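These are my notebook entries on one protein chain. I set down what I looked up, step by step.

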Amino acid sequence: MARIFIIRHGSAVPGMDLDSERVLTHKGEEEAAAVASWVSSQVQSGAGLYASPYRRAQQTASAIAAASGLSINTLDAITPSGSARVIADMLASESGDVVLVSHLPLVGRFASLLVEGFELDQPWSPAECWLLSGDIIASGCMSVEQTWYPALASIG
């Protein structure tokens with residue numbers, strides 16, 4: 001059974017000249033640590049950890065890597081404007097756990113593609129995580145197993 005943890009990065013500083021260089025706020029660092037703790041308690045060892053090259057996603061993925069012992073694989077395709085269908089094709093051969101750290105609107109579009117079979121824009125909280133499972137990582141082939149929100153971890 002394939003499982004994928006789809007995570008939006010933690011809260012980041014507001015707009016900058018270069019969006020890719022935005023960093024996590026103090027609250028975002030706390031959110032990243034909280035989601036890292038939850039993911040590390042759920043994920044199988046040897047899972048693939050994939051992150052956007054943008055700094056805020058790398059910071060969130062670094063917290064997950066430190067908590068879980070996973071290594072970060074940076075994928076240029078999972079930036080905010082990335083294609084959910086391209087990513088599904090890239091990950092279709094994965095049979096174990098996958099952890100993906102990215103951005104809006106991609107996380108919402110990717111999750112809806114895997115569950116519903118078509119892309120929808122969905123609001124996601126910073127550091128929100130959906131755990132999907134199914135026989136294959138493909139359009140319409142997965143179900144929502146769990147969702148996790150930073151508010152559940154009592155972050156100030």
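Predicted model: local features only at pLDDT ≥ 70, side-chain atom pairs only at ≥ 80, totals over all residues.

Of the 156 residues in the protein chain, 48% are buried, where buried means under 20% relative accessible area. I then looked up the surface: the accessible area is about 6800 Å², and carbon and sulfur atoms hold 49% of it.

Next I recorded the fold elements. The protein chain has 4 helices and 6 strands. Read from the N terminus, their order is β-α-β-α-β-α-β-α-β-β. The radius of gyration is 14 Å, close to the 15 Å that the globule rule gives for 156 residues, so the chain is as compact as a globular protein of that length. Along the principal axes, the C-alpha atoms fill a box of roughly 40 × 30 × 25 Å.

I asked which residues touch the most other members of the largest nonpolar core. That core has 23 residues, and the ones I noted are I4, I6, L91, L100, F110, L114 and I137. At least two core residues come from each of strand 1 (2-8), helix 3 (84-91), strand 4 (97-102), helix 4 (106-116) and strand 5 (129-134). Helix 4 gives the largest share, 6 residues.

Finally, I checked the charges. The protein chain carries 8 positive and 16 negative charges, and their mean positions lie 5 Å apart.

How values were computed: Residues numbered from 1 in each chain as written. Heavy atoms only, no water. Rg over C-alpha atoms; globule rule 2.2 N^0.38 Å. Buried < 20%, exposed > 50% of the residue type's maximum accessible area, 1.4 Å probe, protein only. Areas by Shrake-Rupley, 256 points an atom, 1.4 Å probe, with all protein chains shown as cover. Lys, Arg positive; Asp, Glu negative; His and termini not counted. Charge placed at Lys NZ, Arg CZ, Asp CG, Glu CD. Core = buried A, V, L, I, M, F, W, Y, C linked by side-chain atoms within 4.5 Å.
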